[in-house]
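Please examine the structure shown below. The explanation leads from helices to aromatic rings and then to the backbone.

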Amino acid sequence: MSTRGETSGVRQAGNGRGEDGGDPRHARFDITLDGERVSAYRGETIWQVARRAGETIPHLCFKDAAGYRSDGNCRACMVEIDGERVLAASCLREARPDMVVKSASSERARVAREGVMELLLADQPSREQSPDRASHLWAMADLLGVDATRARARYPRRRGVSVHHAPVERLPEGGSDGQRPSKESLAPPRAGDDDLPGERLPTATPTPAPSSASLEAVAPGHDASHTAMRVNLDACINCTLCVRACREVQVNDVIGMAHRGVASKIVFDFDDPMGASTCVACGECVQACPTGALMPASLVDEAGCGDSQVADRRVDSVCPYCGVGCQLTYHVKDDAIAFVEGRDGPANQGRLCVKGRFGFDYPRHPARLMRPLVRREGVPKGLDPDFDPARPLSHFREASWEEALDIAADGLKRLKREHGPNALAGFGSAKCSNEEAWLFQKLVRIGFGSNHVDHCTRLCHASSVAALMECIGSGAVTASFLQALEADVVILTGCNPAVNHPVAATFFKQAAKRGTRFIIIDPRGQAMGAHAHRVLRFTPGADVSLFNAMLNVIVEEGLYDRDYIGAHTEGFERLKAQVRGQTPEAMADACGVPADEIRCAAREYAQAERAMIFWGMGISQHTHGTDNARCLISLALACGHTGRPGTGLHPLRGQNNVQGASDAGLIPMFLPDYQPVSDAQVRSAFEELWGAELDPTPGLTVVEIMEAIHAGQIRGMYILGENPAMSDPDLDHARGALASLEHLVVQDLFVTETAQFADVILPASSWPEKDGSVTNTNRTVQLGRQAVPLPGDTRADWWIIQQLARRLGLDWDYDHPRDVFAEMQQGMASLANIDWARLEREGAVTYPCSAKDAPGDDVVFADAFPTASGKATFSPALPLAPDEPIDGDYPTVLSTGRQLEHWHTGSMTRRARVLDALEPEAVASLSPGELKRLGMAPGERLSITTRRGSITLVARVDEGMPDGMVFVPFCYVEAAVNLLTNPALDPYGKIPEFKYAACRLAPAEAPSG
């Protein structure tokens, strides 16, 4: 049986994954269960042994899932053990050799279980009025054969108790009928003479036992304040699963238990309404709750009644947002996604974030493209402020697929014929599948005839890949983020995992609770700082100065690993010479960190037995981004922190398939698997595979393509799922380039800002509407499955690419993404032993994988690196100033990035109801000191100006921001921060400097009139 609040399948260790790190099956023994001999393993509980033997022991406070410890407080799973006087909680009691247990055969256990269930049901709303009539609680009642009506008749409902700290004004709307409880009925008594003047104390006020009807009408436990979730404490049984979900699994520490005895209750923060609390809407509590006291708002009607089994079907898939690659299950009703739950995947172990749980209604947004569009004659290209993406026929006309594809292909063919292959370019997408990425780059290389193909990795981790390829011969991570659980020390730098990789952050927080020392190195403060052992807040742009100072300490104090360096690296002497004079004392002023702090951090990392480095786009998105990454690689190589469990280098990949799209060749200078296009032998292999000649010249990158458009070289483009009119730096320049293209074909879900420049718009498929594989930041290839049908006249992306290819003269004949994946295996050694059938069977496989039955390597390069010599290379770097330093006219540093609730340019998440409601408008985050300097208050409008333009948006105070800096998300078209960013490029990775632009701030002028 699998019900809400309960995952199917059986764990083989007490906490689901054997927290002692050993194989729970290595110590096998027998016990007797209900007269039968059954096998058990060290660490298993009686409940787990029974489940594996085919019996589901009733349970409420226990969740058979990774990360959830047993608590034993509900007493619904009691069993009888020979030789023991009292019953035992089977979810807590470990099995022991020769133990004799009576469960289904025990009359004492049956009576105890039924008694517990009857007492709980006596206080529950009726099944018809329940917030979840299909909850796990009701399933367990059915399993025990307990009748709720008889239970209510047998036991009086417990007296209502009103307990609160907050004034009534802070309480949520109450009652299942929507009526707020009166102040008189809920207000605590006035402070007595012995109390502090005016102070309200926590109180518990018993009231006479009311009728069921009156109690339903006055229900202060009903809370509809959160846009994503509903709270009904009438259904709460105080099992504390939500507390453990919040505190121990997601490690957000928002939910707690308040008061004692009959007054005990679940609270958010200091008994705040859920919507006013610090809840990050991960929804873990909703997925854990066994009663429906916490429910997705979409499943509960106005009367507070709901049903978690409303779905027609369930479809397992993968989240389409960040690079963590969380597995999930779509619950589909009437061919629409009703709600989403986390699934036990290798990267998430059942967890999700707010986007993965509540961000899937965008495919049904009214602005969704349903038919191909062609630009109307005489309508100029550009962003028309009066254009409504939901009503595009003012600027475009509808066309059949045949006509739209013909127009799209004819324009591309004409430009190629008149101006040659270098007149065409393509932008693919990391939001597409591996198969679509493969087809797209193949189309550009042999259909267009050039290597001018790129995607968002150029704007994210191109500099990280450049440094990794140079130093260790591979552009992927050397170990998964789960290895942080095995590390003694972890450095987080230039990343904000709690915002950008929230599920990965849960494992980091768990590691910190277990004793891993986290060193956070970043100009900004962040939520992970509360779990950090040490935080270094350095001057923006001074990364190399700080890292070289740490390397200096390691070299001068002899903390480096001589044996490892000798056996596995080259160039260490050059590094030693480079950092010799860059002592912490010499670099302290430049990087803004005291010398002793630098020394302590360097020593802790170097002297750890196992240490890892994670970084994000705060490292890569600089003109010195490649140098930043080189320094981090040097730190790991110098200390021997690669190739072992708990060690490694991990650039946290941004989008869901940026790793896979890069692997598949969506890069202008590399063919699939990072094989140089300039290598004749590599080209020959692909020419044989594809039956076409390939251009040996590396192509242009994203920003270089925009420059080439302005220069008149690039005249036509095909853009799939990317939005450069929002994501490129210096947007006026990028939008001007798009407007000047002679022919632009855009394939997307909506008429995005980029699509508004298109000649032809092809309606694409959203992730839940197609099959395909993706590769996450851990190098794990996972299968996404179609959950809902394509709406209107939309088509699968791989089909559209193939139709264009055929019109460009290519004889393609794929019937399904599995056919494309089979071809990929022929050209990509990284996919060895990973075929489509295995992905369908297992759902996920990590590469490299040594055999068809091997799990794949979580940690790589234990013996050698994939370089000609088998050794890694140190690549020293010198500190360089940002391209555009602050000065008297522009004294503040502008940095950009993402928000927790929104993704990339917002084309999907701003069309997701919950996500848009949580963050509906553009904001700029500043420190309290910066706001004070400007004479502003939070919520007032702020003007930000750089040498490229100005935007106006709402100011938000952020205690983690340093003075002299402002942070703006880039997803808001109404305040598009990339109008302001600097297009200067890293010379190696060709990545723009999104993380540093000189700006000035001022209160916005009030609108005239």
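Predicted model: local features only at pLDDT ≥ 70, side-chain atom pairs only at ≥ 80, totals over all residues.

Residues are numbered from 1 along each chain as its sequence is written, and side-chain values use heavy atoms, with hydrogens and water left out.

Helices (H or I, at least four residues) and strands (E, at least two) are DSSP runs, numbered from the N terminus. Buried denotes under 20% relative accessible area, exposed over 50%, and partly exposed in between, with a 1.4 Å probe and protein chains only. Helix α12 (residues 462–472) is largely enclosed by the rest of the structure, because 8 of its 11 residues are buried. These are Ala462, Ser463, Ser464, Val465, Ala467, Leu468, Cys471 and Ile472. The elements that cover the buried residues of α12 include β24 (611–615), α20 (617–620), α21 (625–639), β25 (648–651) and β34 (872–873); contact here means heavy atoms within 4.5 Å. Gly473 follows α12 and has a positive phi, near 80°. In helix α24 (residues 702–710), the buried residues are Val702, Val703, Ile705, Met706, Ala708 and Ile709. Just after α24 comes Gly712, with a positive phi of about 90°.

Helix α15 (residues 543–556) packs with helix α19 (residues 595–607) at an angle of about 60°, their axes being 9 Å apart. Such axes are lines fitted to C-alpha atoms, for helices over the stretch in contact, and angles run from 0 to 180 degrees between N-to-C directions. Leu546, Ala549, Met550, Val553 and Ile554 of α15 make the contact with Ile598, Arg599, Ala601, Ala602, Arg603 and Ala606 of α19. The residues of this contact comprise 9 nonpolar, no polar and 2 charged. In this division Ala, Val, Leu, Ile, Met, Phe, Trp, Tyr, Cys and Pro count as nonpolar, Asp, Glu, Lys and Arg as charged, and the others, Gly among them, as polar.

Aromatic rings supply another set of contacts. Rings of Phe, Tyr and Trp (its six-membered ring) pair if their centres lie within 6.5 Å; planes under 30 degrees apart count as stacked, over 60 as edge-to-face and the rest as tilted. Across the whole structure, 18 aromatic pairs are found. The pair of Trp812 and Tyr814 is edge-to-face, because the ring centres are 5.9 Å apart and the planes stand at 75°. Trp812 and Tyr814 are both buried. One aromatic cluster is formed by Tyr321, Tyr330 and Phe360.

Charged groups also meet rings. A charge sits over a ring if NZ of Lys or CZ of Arg is within 6 Å of the ring centre and within 35 degrees of the ring normal. Lys63 lies over the face of Tyr68, 5.7 Å from the ring centre, and the charged end of Arg524 sits over the ring of Phe967 at 3.9 Å from its centre.

Most residues other than glycine have a negative phi, and most peptide bonds are trans. Val251 is buried, with a relative accessible area of 6%. His259, in the loop between β10 and β11 (265–268), likewise has a positive phi, near 70°. A cis peptide bond, with omega about -5°, joins Tyr847 and Pro848; Pro848 lies in the loop between β33 (844–846) and β34.
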